Amino acid sequence: MNKGTAIVGFFMCFLAGMFLMWGIDRSRGVEITADKAVAAGSVDHSAAVIPISSDDPIYGNPAAPVTIIEISDFECPFCSRVEPTINQIKETYKDKVRIVWKNNPLPFHKKAVPAHEAAVAVHDLGGNDAFWKFHALAFANQKALTEENFEKWAGESGVDVAKFKAAVKSGKYSKKVEDDIAFSKKVGASGTPAFRINGVTISGAQPFDKFKEVIDKELAEANKLIAAGSKPEEVYPARAKANFSAAPEQPERAEPKEDTEVWAVPVSDKDPQKGPKDALVTIVEWSEYQCPFCKRVDPTIEKVVETYKNDVRIVWKDNPLPFHPRAVPAATLARYAFETKGNAAFWDVHAALFELQPKLEDEDLKGIADKFGLPWGNVKAAIDSNKYKTVFSDSQDLATELQARGTPHFFINGRRLSGAQPFEKFKELIDDRLKVAQAMVAKGTPKAKVYEEIVKSGKAPPPPEKKEVGPAPADSPFAGGKNAKVVIHEFSDFECPFCSRVEPTMAQIKQEYGNKVKIVWRNLPLPFHKKADLAAEASYEVYKQKGDAAFWQYHEKLFANQKSEDGLLRPGLEKYAQELGVDMAKFKAALDNRTHKDRVQADKDAAEKAGISGTPAFVINGYYLSGAQPFPSFKKLIDRALKEAGG
């Protein structure tokens, strides 16, 4: 591994780089930061061969000798993966480089366009500084690109939320996004991320060394131009013209390949269904009642049922999206109807909910309940207690495993169809699947067994991600059962705010599972946390002197004082140790001599070898979980590990 790649690896949790103002990853809980960008200034490069607009977000010196145009997509995982490299470039080259952002939401990323329009609005209302903060939050929360979060991040970026909401609602920012997409096509950027460094093309999430090679060459060329009398602001147009004229034509942007897999999508009597059980085609639908696209496709589904009659069965799976606050109450009403009165009542309520959308307040739900003879008191109690929480979460977990992102999402005899597609799209796939099913029947498969046979031979959801960290060193602090069959390696950093945020969840795990699990502490102080290494060494000295119980007490004190001014500085480390009755002469000597530096480094090395680069991170009997995840995410993997271990 070369030095640049190693540095990038360590920074992968740091999705927005080494900046001055902290941002937050609210979906996974990994740490990121946002920087204060330099104002665009008055340099006009709108006439350059690769033009830069006054509406483009800009970071850095407007007259920098090297300009990097970053063509990116907030929903693209490779775009987030390259951000630490871009931040390393900013840190390394400082005023010698400026970054110019261009929006290129790819057509198969359904959440990308709203995210980019929101970012444009933030830039318009708050300028460069606000944009880069929003940009950091969007990449850090890439799996939570929702309207609600856009508003939250706009506020955290310093923009008036009311003005932001009104601006986004106006729709005026779609033009900037469309213009940037056209720009991307013009310069041959068919995918994301893509870069033009003074006109030189770099495609994809390349390592730092790849960028460095081009930047250093361009700096040398810029110096020649300036030495020959060019003004600094004249360098970019000249170099872009020289480089871009020699750039090869790029292919058109690629559409994603059609998913031709037949997935093993399970159904059961606990799922609301419409149509005969022995229908030759089963359509499994993940949907919810506040989503406008789900409402839009519902008449299409009715047309499918009317057209194919007994050949089609519809199976409903709930996926109430977290940014639709009335989705769960509405789904609860429908589920209550199903539980108490069966399929017919469910579909009656289902139709009424879509008819009323977006009016889904309690008063509206009560009207539906009254209409279909469902006692409102019972329904309201189910809503207030979130009675079907497990039903919803199980359905959503299955959707995640099957990569059924967003709503509505369909599987037609196992074949995927995403979004509010027109009837013709459904018909094309249904007809194809119907022929396959009819052929199965002709060869002897009973009609009632067709879907069962499809599930048997279909592609199963991929297993949870795994990472190999090996057994924990014998001298590792731990809590729980010493010989537990499930071991949780917790890679953490005392200066990381998300590591402290996950601690209540770890306490809940200890309470619920007791000695069935063993939680092993592994130090992973991140390189940009200047106080973290010494804090890790201090905690290890406490452990060596006084054992596991004292370690966990010290650990709690460090997290509790994480945000105080000197909480993790030497005086604080000594204070907490003294409170626990540690031999202070030995403690101070251990810190002075960096006695435990190598032991902490051993945990770092284990993390790097396993491909763990962010904190907090957990390995549960080999299953990997990244970030400050909620308790259910841990429970799912712990229960799986217990079952496999026979515990």
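User: How much space lies in the second largest pocket, and which residues are closest to its centre?
Analyst: In this predicted model, the second largest pocket holds about 370 Å³ of space. Its lining is made up of 21 residues. Of these, the ones closest to the centre of the pocket are S53, D55, D56, K176 and D179.

User: Which helix gives the largest share of the lining of the second largest pocket?
Analyst: Two helices, α3 (112–140) and α6 (174–186), each supply at least two residues of that lining. The largest share is 6 residues, and the helix that supplies them is α6.

User: Are α18 and α23 parallel or oblique to one another?
Analyst: Two packed helices are described by the angle between their axes and the distance between the axes. Helix α18 (residues 503–513) and helix α23 (residues 631–645) pack with their axes 10 Å apart, at an angle of about 40°. Because of that angle, the relation of α18 to α23 is oblique.

User: What is the handedness of the crossing of α18 and α23, and which residues of α23 make the contact?
Analyst: Where α18 passes α23, the crossing is right-handed. On the α18 side, the contact is made by T505, M506, Q508, I509, E512 and Y513. On the α23 side, the residues that make the contact are F631, F634, K635, I638, D639 and L642.

User: How many of the residues in the contact of α18 with α23 are nonpolar?
Analyst: The contact of α18 with α23 contains 2 polar residues and 3 charged residues. The rest of that division is the nonpolar class, and the number of nonpolar residues is 7.

User: Where does P358 lie, and what is omega for the cis peptide bond that joins Q357 and P358?
Analyst: P358 belongs to the loop between α11 (343–356) and α12 (362–371). The bond that joins Q357 to P358 is a cis peptide bond, and its omega is about 15°.

User: What is omega for the cis peptide bond from T615 to P616?
Analyst: P616 is located in the loop that runs between α22 (597–610) and β16 (617–620). The peptide bond leading from T615 to P616 is cis, with omega near -10°.

User: What is the phi of N198, and in which loop is N198 placed?
Analyst: N198 is not a glycine, although its phi is positive, at about 50°. The place of N198 is in the loop between β6 (194–197) and β7 (200–203).

Methods
Residues numbered from 1 in each chain as written. Predicted model: local features only at pLDDT ≥ 70, side-chain atom pairs only at ≥ 80, totals over all residues. Heavy atoms only, no water. 1 Å grid on protein atoms, 1.4 Å probe; cavity = no way out; pocket = protein on both sides within 12 Å on 5 of 7 lines; lining within 4 Å. Points joined across faces, edges and corners; volume = space filled by probe spheres on them. Helix = DSSP H or I, 4+ residues; strand = E, 2+ residues; numbered from the N terminus. Axes fitted to C-alpha atoms, helices over the stretch in contact; angles between N-to-C directions. Parallel < 35°, antiparallel > 145°, perpendicular 65-115°, else oblique. Left-handed = near helix turned anticlockwise from the far one by under 90°. Contact = heavy atoms within 4.5 Å. Nonpolar A, V, L, I, M, F, W, Y, C, P; charged D, E, K, R; others polar.
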